[in-house]
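Work through the exercises below with the model open. Try each task before you read its solution.

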Amino acid sequence: MNRWEGKVAIVTGTTSGIGSVIAEQLVDAGLIVVGLARRKDRGEELARALEGRKGRYYHLTADVAKEEDVLNAYKWIGENLGPVHVLVNNAGVLRNTSLCDGNTTDWKAMLDLNVVGLCMMTREAVRCMKANNVDGHIVHVNSLAGHMVPVPTAAHVYTASKHGVTALTEALRQELIACGSRIKISSVSPGLVESEIFTQGENPAPLEALENRPMLKAKDVADVVCYIISTPPHVQVHDILLRACY
């Protein structure tokens, strides 16, 4: 991790769960971390909690499903902190909605954030890295749902969005190779994680379907993300599947 000390990292969805722990670990490793999230109060609370650490944390209130917010965030970072070296696309949403009788608004919310938002954040990171000759690293926080179709019908559109992330990880790898870039792209696909994703929003996932299911901790996923970006430049970690065993 030493080569990233003093470098800028962006982490999306940092006001709870996996994102907040990833941000904390990167700050402790000496990175300048910018957290993008919609909840200003939580973001500022995290910034205060991370004061005095090896690195530095900044909160930007932003909805990464909105292009204007994404562009403004990158503009502020470039003008105030410098080029981006690491991007962790962690922000995501899960709504309780099926294909046969689902809600269109819920479908769009998941696709806009989980897929389109991830694409916009990635596009701007690649542009920034190329413009500044940075051999950076982009990490998508995916899901086991991106590699299978789980039984609960309420998660099928979420599953489709995560299958999109799986495809986009490989697509970006191919695009970066084609243009001769040394920017790396990786993905981590955890199973169930103790997270607010199951309770947030107007139409959260049904908690009864999760009872007595083994779950990962947010730290487990953050540890894997930090491992991925700590690999040497010649190592390409494509995807890590992460499951709780008990």
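Two strands pair if DSSP finds at least two bridges between them. Helices (H or I, at least four residues) and strands (E, at least two) are DSSP runs, numbered from the N terminus. This is a predicted model: local features need pLDDT of at least 70, side-chain atom pairs count only at pLDDT 80 or more, and totals for chains, interfaces and linings use all residues. Residues are numbered from 1 along each chain as its sequence is written, and side-chain values use heavy atoms, with hydrogens and water left out.

**Exercise 1. Strand neighbours**

Find the strands that are joined to β4 by four bridges.

Solution. 
- Start with strand β5 (residues 137-141): four bridges join β4 to β5, and the two run parallel.
- In this pairing, His-137 of β5 is the bridge partner of Val-86.
- Now take strand β1 (residues 8-12): four bridges join β1 to β4, again parallel.
- Here Ala-9 stands opposite Val-86.

**Exercise 2. Burial and crossover**

Solution. 
- Buried means under 20% relative accessible area, exposed over 50%, partly exposed in between (1.4 Å probe, protein chains only).
- Six of the six residues of β4 are buried, so the rest of the structure largely encloses this strand.
- For the unit, follow β4, then helix α4 (residues 104-131), then β5: the unit is right-handed. With the strands pointing away from the viewer, the path from the first strand over the helix to the second runs clockwise in a right-handed crossover.

**Exercise 3. Helix packing**

Describe how helix α3 (residues 67-80) packs on α4.

Solution. 
- Axes are lines fitted to C-alpha atoms, for helices over the stretch in contact, and angles run from 0 to 180 degrees between N-to-C directions.
- The angle is about 30°, and the axes of α3 and α4 are 10 Å apart.
- That makes α3 roughly parallel to α4 (under 35 degrees; over 145 is roughly antiparallel, 65 to 115 roughly perpendicular, the rest oblique).
- Contact means heavy atoms within 4.5 Å. From α3, Glu-67, Val-70, Leu-71 and Tyr-74 meet Met-120, Met-121, Arg-123, Glu-124 and Ala-125 of α4.
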